[in-house]
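Morning, everyone. Please look at the structure on the screen.

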Amino acid sequence: MKLKVDYRESKLNELLSEEEYNIENLAIGDIEITDGVRTFIIERKTWQDLSSSIKDTRFREQRSRLLLWQNENINNKIMYFIEGKYDDNYKKEKLVTERLMIGYSIPVFYFSSLTEIKNFLIYIKNKEKDRKSTRLNSSHTVISY
């Protein structure tokens with residue numbers, strides 16, 4: 001499993017400094033996870049950034065580019081990570097994320113902090129390593145009677 005983080009995600013890159021990942025200039029999204037077959041692009045937003053991007057129409061443009069990318073290959077998948085503490089000031093933004101899930105079948109994950117996002121990314125990477133290790137070990141299992 002390869003993890004790539006856009007170079008503009010400086011706070012996330014600082015948190016991931018000791019992990020195995022690549023810092024790159026991603027054409028779309030903020031985070032890319034791939035296993036060589038499937039590719040996940042993650043767009044990360046704080047509630048405040050989501051609010052601003054909806055108001056200045058940046059959100060719609062980003063969503064359109066992500067959907068075009070996803071339609072290029074059946075193995076391409078999009079996810080949104082929304083970071084921060086939700087409060088009633090973000091009701092409109094919450095509705096927008098619900099539309100992503102219902103109208104576009106795009107998973108949206110809510111995290112209280114950037115540290116939670118980091119831990120989730122590390123978990124995904126390690127889970128894939130465990131899965132591959134289990135598959136390799138199980139292929140060498142000898143059954144005795």
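Let's start with the largest pocket. Its volume is about 200 Å³. Here a pocket is an open set of points on a 1 Å grid over the protein atoms alone, where a 1.4 Å probe fits, with protein on both sides within 12 Å along at least five of seven lines. A volume is the space filled by probe spheres set on the points, which are joined across faces, edges and corners. Rolling a probe the size of a water molecule over the atoms shows where empty space is left.

A word on the source: this is a predicted model, local features need pLDDT of at least 70, side-chain atom pairs count only at pLDDT 80 or more, and totals for chains, interfaces and linings use all residues. Residues are numbered from 1 along each chain as its sequence is written, and side-chain values use heavy atoms, with hydrogens and water left out.

Which residues line the largest pocket? They are S53, I54, T57, F59, R60, R63, K92, V96, R99, L100 and Y104. Lining residues have an atom within 4 Å of a grid point. Five are nonpolar, two polar and four charged. Asp, Glu, Lys and Arg count as charged; Ala, Val, Leu, Ile, Met, Phe, Trp, Tyr, Cys and Pro as nonpolar; the others, Gly among them, as polar.

Three helices each supply at least two lining residues: helix 2 (47-55), helix 3 (58-71) and helix 4 (91-103). Helix 4 gives the most, with four. Helices (H or I, at least four residues) and strands (E, at least two) are DSSP runs, numbered from the N terminus.

Now the charged pairs. Side chains of opposite charge can pair when their charged atoms come close. How many salt bridges does the structure hold? There are 10. A salt bridge puts a side-chain nitrogen of Lys or Arg within 4 Å of a carboxyl oxygen of Asp or Glu.

Take E43 and K45. Their closest N and O atoms are 3.4 Å apart. Are these two buried or exposed? E43 is buried, at 6% relative accessibility, and K45 is buried too, at 2%. Buried means under 20% relative accessible area, exposed over 50%, and partly exposed in between (1.4 Å probe, protein chains only).

Next, D49 bridges to R58, at 3.3 Å between the closest N and O atoms. D49 is partly exposed at 27%, and R58 is partly exposed at 29%.

R65 is partly exposed at 35%, and E61 is partly exposed at 38%. Elsewhere, salt bridges that share partners join E43, K45, D49, D56 and R58 into one network.

T34 sits in strand 3 (residues 31-34). T34 is buried, at 11%. A polar contact (a pair of N or O atoms within 3.5 Å, one able to donate a hydrogen and the other to accept it; residues adjacent in sequence count only if both atoms are side-chain atoms) joins the side chains of T34 and T39 at 3.1 Å.

N13 is in helix 1 (residues 10-15), and is buried at 8%. A polar atom of the N13 side chain lies 3.2 Å from the backbone oxygen of D6.
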